[in-house]
Protein chains: 2
Amino acid sequence: MDVIKVAAKSRPFKVAGAVAGVFREHKQAVVQAIGAGAVNQAVKALILARQYLAQDGYHVAFIPQFTEIEIQGQVRTAVRFTVIAVPADLDPVPLEPLPASSAAQIQQNEEAERASSSQEGGES
Amino acid sequence: MDVIKVAAKSRPFKVAGAVAGVFREHKQAVVQAIGAGAVNQAVKALILARQYLAQDGYHVAFIPQFTEIEIQGQVRTAVRFTVIAVPADLDPVPLEPLPASSAAQIQQNEEAERASSSQEGGES
């Protein structure tokens, strides 16, 4: 099972789709982020993934942990989120539709990012 | 049960203590953050709180959701994390001690924040 890596400019809807896909196959998924911007995008993606997976009847929760990884010879601390399924009766959080303004805002941000990254010549 | 509010300059160890305290009393806790810096601090605090609560025999996981709140007449989107206990056999993440460098880094940041906030005349 591959770790899903999230960057500050990752698009939450896209990451959420990846999380849901891995989860459906493995009944677990792992998301990794380094830095505040990336952690924030990862959390947004996890909120969306929770809603996607609820449509398949899963209640999911997340277990975060620190992990040290080496990037270009330097040790960095990453945050890793493991997505697990929990029994419905353990999930106290009602599945409300995404507030319209939040959905619009995320989508706007994604479009802005897409526009700016295509100006930069695409994503790395 | 009060919602624990986290800001970008909140200290993760302190927030983690609050989360563990509320959880021990209510078997649930809710943490709220607005903005990438605050969400990142909240996640760090949740990782630490998970370790504190493991010492009491709890395995905890987190359910994030968006929530809209009004601040000074403006609607803002906050992230809310609900802390729940899960059965040990549902928790696939080993409880490793915090990597020494992560602990040192968090502590250093907290000390730097404390120093700068006391120069500013204390926390608001």
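How many Å should the 19 residues of α2(B) span, and how far apart are its end C-alpha atoms? At 1.5 Å a residue (times one less than the number of residues), α2(B) should span 27 Å, and its end C-alpha atoms are 27 Å apart, which agrees. Helices here are DSSP runs of H or I with at least four residues, strands are runs of E with at least two, and both are numbered from the N terminus.

A word on ground rules: this is a predicted model, where local features need pLDDT of at least 70 and side-chain atom pairs count only at pLDDT 80 or more, while totals for chains, interfaces and linings use all residues. Residues are numbered from 1 along each chain as its sequence is written, chains are lettered from A and ligands numbered from 1 in the order written, and side-chain values use heavy atoms, without hydrogens or water.

Back to the helix: 15 of the 19 residues of α2(B) are buried, so it is largely enclosed by the rest of the structure. Buried means under 20% relative accessible area, exposed over 50%, and partly exposed in between (1.4 Å probe, protein chains only). Take Asn40(B), which sits in α2 of chain B and counts as buried at 10% relative accessibility. Leaving aside residues up to four places away in sequence, Asn40(B) touches Gly35(A), Ala36(A) and Val39(A).

That leads us to the interface. In all, 37 residues of chain B are in contact (heavy atoms within 4.5 Å) with 37 residues of chain A.
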